[in-house]
Amino acid sequence: MTRVESEVSGMVWKIEKAVGDSVELDETIMILESMKMEIHVAAPASGRVTEILVELDQPVQEGQHICTIE
């Protein structure tokens, strides 16, 4: 199990993957908006998305667990 954490504080702007989707290393899972910049959240490992713990327009904090990959 790999925990994906937000690298910045911001808002969830777009979710690219859903629970059950396969992801490759460095593939975009979601996009955050921080200080008017788009921050791509990349998969730290290949696998399958098992949890998405945030919703669109939800604020997130740096270090917050936002997704799980197995």
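Buried means under 20% relative accessible area, exposed means over 50%, and partly exposed lies in between (1.4 Å probe, protein chains only). This is a predicted model, in which local features need pLDDT of at least 70 and side-chain atom pairs count only at pLDDT 80 or more, while totals for chains, interfaces and linings use all residues. Residues are numbered from 1 along each chain as its sequence is written, and side-chain values use heavy atoms, with hydrogens and water left out.

**View 1. Asp57 sits in a loop and is exposed.** The loop that holds Asp57 runs between β6 (47-52) and β7. Strands (E, at least two residues) and helices (H or I, at least four) are DSSP runs, numbered from the N terminus. Asp57 has 58% relative accessibility, so it counts as exposed. Leaving aside neighbours within four places in sequence, Asp57 is in contact (heavy atoms within 4.5 Å) with Met11 and Val12. Lys14 is 43 residues away along the chain from Asp57, yet their C-alpha atoms are separated by 8.3 Å.

**View 2. Four strands make an open sheet.** The order is β5-β4-β2-β7, and the pairing is antiparallel. β5 (37-42) and β7 (59-60) stand at the edges with a single partner strand each, so one side of each has no neighbour in the sheet. Two strands pair if DSSP finds at least two bridges between them. In a regular strand, side chains alternate between the two faces of the sheet.

View 3. Strand β2 (residues 10-15) meets strand β4 (residues 28-34) over four antiparallel bridges. Here Val12 stands opposite Leu32, and Ile15 stands opposite Met30. β4 and β5 pair over six bridges, also in the antiparallel sense. Leu32 stands opposite Ile39 in β5, and Ile31 stands opposite His40. Two residues lie between β4 and β5 in their hairpin, and Met35 in the turn has a positive phi of about 55°.

**View 4. Gly10 is a buried residue of β2.** Gly10 lies in strand β2. Its relative accessibility is 14%, so Gly10 counts as buried. Which residues does Gly10 contact, leaving aside its neighbours within four places in sequence? They are Glu33, Ser34, Gln58, Pro59 and Val60. Gln61 is 51 residues from Gly10 in sequence, but the two are 6.6 Å apart in space, C-alpha to C-alpha.

**View 5. Lys17 is buried in a loop.** Lys17 lies between β2 and β3 (22-23). Is Lys17 buried or exposed? With a relative accessible area of 18%, Lys17 is buried. Its side chain makes a polar contact with the side chain of Glu27 (2.8 Å). Such a contact is a pair of N or O atoms within 3.5 Å; within protein, one must be able to donate a hydrogen and the other to accept it, and residues adjacent in sequence count only if both atoms are side-chain atoms. Not counting residues up to four places away in sequence, Lys17 touches several residues, including Val49 and Ile52.

**View 6. The largest nonpolar core has 14 residues.** A nonpolar core is a set of buried Ala, Val, Leu, Ile, Met, Phe, Trp, Tyr and Cys residues joined through side-chain atoms within 4.5 Å. Val4, Ile29, Met30, Ile66 and Cys67 have the most contacts inside it. β4 and β8 (65-69) are the elements that give two or more residues to this core. Five of the seven residues of β4 are buried, so β4 is largely enclosed by the rest of the structure. Among the residues that Ile29 touches are Val4, Val41, Cys67 and Ile69.
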